[in-house]
Amino acid sequence: MKKIVISSICVLVCLVVGFTASFFQTEAITHWYPTLSKSALTPPNLAFPIAWTALYILMGISISLIIMSSHYLKKALIILFVLQLIVNFLWSIFFFYLQNPFLGLIDIIILDIIVIFYIIKSYSVNKISTWLLIPYLLWILFATYLNTYIYINN
C-alpha cells in the first residue's frame, strides 16, 4: 500500500507541474505559435498534451522507484529530479509565455544535460526507473530539435 501511495503522489506532482505549465502556454499557443515557421516534423498540437501526460506518468513512477530505494545516491537523485522538473517547467515560461525561442533553447539544452546525467546516475540505483525515463529523454531531444528549428527560422 505504501508503494502505491508514494507512486501516486509522485505521478500527481509531475502531472500538476505539467498542468500548471500549460496555463502559461494557452495564449501563445492560440495567437503566437501558429504564426511561427515550424519544422515539417512538428506533430499536431493535440499530440503534445497526450505525449506529456504519458511522460509525466512515467516520470512520476520513475522517481517513486528512486524514493523507495535505500541507495546512497537516493537524495542526490531526488534533488536532480526536482531540478529537471523545475527546468522543464521553466521552458514553458521562456518559450511560450515570454515568446522567446532563444531562452527556450538554452533552457531545453540544460534540461537535456540534466536528464542525461540523471539517467546515467540512476541506472545503478534502479534500472527500471532509468528505462522509464528513456521516452522522456527522446521526447525532449526531439523538442530540442523543434525549438532549434523555430529559433533559426523565425
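Predicted model: local features only at pLDDT ≥ 70, side-chain atom pairs only at ≥ 80, totals over all residues.
Helix H1 (2–23), helix H5 (101–122) and helix H7 (134–153) each give two or more residues to the nonpolar patch.

**Nonpolar surface patch**

- H5 gives the most to the nonpolar patch, and its share is four residues.
- Phe23 counts as exposed because its relative accessibility is 57%, and the cut-off for exposed is over 50%.

**Pro101 in helix H5**

- Pro101 is found in helix H5, the helix that gives the most to the nonpolar patch.
- Pro101 counts as buried because its relative accessibility is 14%, and the cut-off for buried is under 20%.
- Pro101 and Gly60 are separated by 41 residues in sequence. In space, the C-alpha to C-alpha distance between Pro101 and Gly60 is 27 Å.

**Packing of H3 and H4**

- Helix H3 covers residues 47–67 and helix H4 covers residues 74–97.
- The axes of H3 and H4 come within 9 Å, and they cross at roughly 160 degrees.
- H3 is therefore roughly antiparallel to H4, since angles over 145 degrees are counted in that way.
- H3 and H4 make a left-handed crossing.

**Packing of H1 and H3**

- The axes of H1 and H3 come within 8 Å, and their crossing angle is roughly 140 degrees.
- H1 and H3 are therefore oblique to each other, because an angle has to be over 145 degrees to count as roughly antiparallel.
- The crossing in which H1 passes H3 is right-handed.

**Packing of H4 and H7**

- H4 and H7 have axes 14 Å apart and pack at an angle of about 25 degrees.
- H4 and H7 are therefore roughly parallel to each other, since angles under 35 degrees count as roughly parallel.
- H4 passes H7 in a crossing that is left-handed.
- H7 is also among the elements that give two or more residues to the nonpolar patch.

Definitions and conventions: Residues numbered from 1 in each chain as written. Heavy atoms only, no water. Buried < 20%, exposed > 50% of the residue type's maximum accessible area, 1.4 Å probe, protein only. Axes fitted to C-alpha atoms, helices over the stretch in contact; angles between N-to-C directions. Parallel < 35°, antiparallel > 145°, perpendicular 65-115°, else oblique. Left-handed = near helix turned anticlockwise from the far one by under 90°.
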